[in-house]
Amino acid sequence: MIDLSMLNPEQLQPTLDTEGVVVVSAGAGSGKTRLLTYRICHLIEDQKVDPSNILAITFTNKATREMKDRIASMLPNQADKVWISTFHSMCVRILRENISHIEGYNRFFTIYDTQDKDKIITRILKSHENMDESIKKKVLYHMASLKNEGMSIEEYQRLNCADKDIEDVMTIIREYTQQLHLCNALDFDDLLTKTLELFKTCPDVLAYYQEKFRYIHVDEFQDTNTVQYTLTKMLCDKYGNLFVVGDEDQSIYGWRGANIENIRNILKDFPHVKVYKLEQNYRSTKTIIETANKLIKNNTARIDKTLWTDNEQGDKITYYSASDESDEAEYVARIIANKIREGYDYSDFAILSRVSALTMQFEQKLLTYNLPYIVYGNTKFFDRVEIKNTLGYLRVIANIADNESLARIINFPRRGIGSTSIEQLLNLSSRYQVSMWEILTHPDVYDIKNALKHKIQPFVDLVTDLQQKLDTMDLVDFVSYVVKVARIKEEYAEDTEENLNRKLNIDALLENINSFAHNNENATIYDYLESVTLESSIEQDDPDDHNKVIVSTVHAVKGLEFKVVFIVGCEDGLFPISRALDSEEEMEEERRLMYVALTRAEKKCYLVRAKSRFLYGKRQNTMESKFIREMGLSQPQVQRVRDFQWENFATQTTTATDTLGKFKINQQEKKNFQEFQIGTMVSHIKFGIGTIISIERLGDTSYAKIDFVGLGVKTLALNIAPLKIVK
DNA sequence: CTCGAGCTCTTTTCT
DNA sequence: AGAGCTCGAG
């Protein structure tokens, strides 16, 4: 029996209500994930439902992992059999099994990312001399919305015939579709629409999954788009057991086609639907909930719902207006350092920002203060050209029809095949509707000039060799082999800092693959490529990552919670983002985003802004975020200064004994400071041995510039950095 | 075909 | 500011 005593009556009812369509409108922190996990465990353990008959769809990979872990901790042997995944990975799994029913596709299809998509469209646009590249935006927009809505090209064109460019736009979309078809490739949106197409054209396949998924759960339902909702409806058509959880106030994916209307649609589409409401918050203090409510009330387009809590009133929300971005980061890092001394864990803190570009400042300061951290949603690594190119080899081996990747690696490392030749090859490919590989391997058939032919041959031999070696090696060995025989590092032989970096990145990639293989037994290149494309960040399940400060965008921490949350960059134009300033609709989404950010906090929330910020290569004065005003946190200048001091000395003003304890520590440290002088040799846990080259006093803290062997100069705060003097 | 100088554009967010 | 891209010279 599953012990359901952890659930309150509000949560218990929908947990036990296992049959039919159930909608739960669950406010932030109302125990939605707990409800979902208990319900699934209850189905398996008490209702004796076979775990392989249960589907649970979450919105991000992080949420997937979280739910898997939770279920595994309750039912260790059963969790693996439940399908827990995002819509996208569910569709990939279904398509890998069944896509051969769609003419021209096979199970080794490649998933094209946004960059691939962009490149293809640009190329197609260029091939049409009469078309202006300025319609590219329109193409992307229309293509996204037609796919999000799950419409056919014809249907969409009929509905949008008013647009004067629609003919051209549709021509490009058609050619793009044809191109992907030729390459046995699907883009992100295709994963959903092709699954829909498959279900529509192959009743057998649909019937199989309808039979399989007797109990379907969808988390974050407010963020589903039309195709996702259609897929869900089709899947539950046989057994009719659908359980969705959502919160309108947390809908933050409008830009991806999310349709809040789906919550209302479900009430229309299923007449016997049962609706539950969870309004009690178990996560946050009264202060945080009151502030969040105050903020979200400014949105007009919402069903009125008021979150409440029995938790303590808690600390006031602190608003700090820093002088610039360095001060902003300094402020945050200091507070964390102080609280760590009070006994907090690193993982109790999250630094949240609207845009990922802001994280660097914080990384630097956290490093200075020796606070371990992890950055979420950091896609940059896989965007590097050396990484893309190396992975290009894997993609070509995985799917030889993948023109995009083939074009990427045919001259990497350099083989004297320039862009003109590549263009030519791609043109032939689309003219004859054969893959580029087909042309490369039959140069005479396609009239390839001798000079080019001779350059192509070694490349063809290389790829052929790799194809043959694939089956004889495991993932890790194979990739090392690729790097070796393709002579990838030789491309970066010249001894420059940039080249050194690129080589280090390739090593990091090998390391990443190694740890992937470690975490996923018998992983193939297909598995690895899939995880790389579908997951935006690098985190593998590294046990070292568990106790670290989180630095993240707000989007990426949806569904997570932290004791202390810092929301940084609270400025008009940044949060809310500038794009939203002249659109009420987008402004409401920004407000929901701020609401999500606030409600991540359990105990304490800090809102921070920089009065002056360096952005777009310029230093600019900023305006306080309008949300600060809406939350009633604007303060006169003097008040802010006092607040800051209070934070800094918080550790000394709490209780008498505490003060004494901290005071002692400070005295101790002060004494030590004098031993640090210019020229002193020191050792640091992370950076190793270094020499102090300067010491600067700023307020109550001394900062030393230290030249670390092999690492260069770093600035560290002497009272905090773990430094030892080397004799 | 390759390289370098000069130009542009950047920053939404995740799959 | 810094990366990525375009264009012209070798």
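Here are a few friendly points on the salt bridges in this predicted model.

1. A word on conventions. Residues are numbered from 1 along each chain as its sequence is written, and chains are lettered from A and ligands numbered from 1 in the order in which they are written. Because the model is predicted, local features need pLDDT of at least 70, side-chain atom pairs count only at pLDDT 80 or more, and totals for chains, interfaces and linings use all residues, while side-chain values use heavy atoms, with hydrogens and water left out.

2. The structure contains 45 salt bridges (a side-chain nitrogen of Lys or Arg within 4 Å of a carboxyl oxygen of Asp or Glu). Five residues are linked in a salt-bridge network: Lys 32, Asp 219, Glu 220, Asp 223 and Lys 558.

3. In helix α3 (residues 61–74), Glu 66 and Arg 70 sit 4 residues apart, about one turn (helices are DSSP runs of H or I, at least four residues, and are numbered from the N terminus). Their side chains form a salt bridge at 3.5 Å, N to O. Glu 66 is partly exposed at 31% relative accessibility, and Arg 70 is partly exposed at 32% (buried is under 20% relative accessible area, exposed over 50%, partly exposed in between, with a 1.4 Å probe and protein chains only).

4. Glu 261 pairs with Arg 264 in a salt bridge, with 3.7 Å between the closest N and O atoms. Both belong to helix α12 (residues 261–269), 3 residues apart. Glu 261 is partly exposed at 38%, as is Arg 264 at 35%.

5. Do Glu 589 and Arg 592 count as buried or exposed? Glu 589 is buried at 14% relative accessibility, and Arg 592 is buried at 8%. Their salt bridge spans 3.4 Å between the closest N and O atoms, within helix α25 (residues 584–598).

Technical notes. Helix = DSSP H or I, 4+ residues; strand = E, 2+ residues; numbered from the N terminus.
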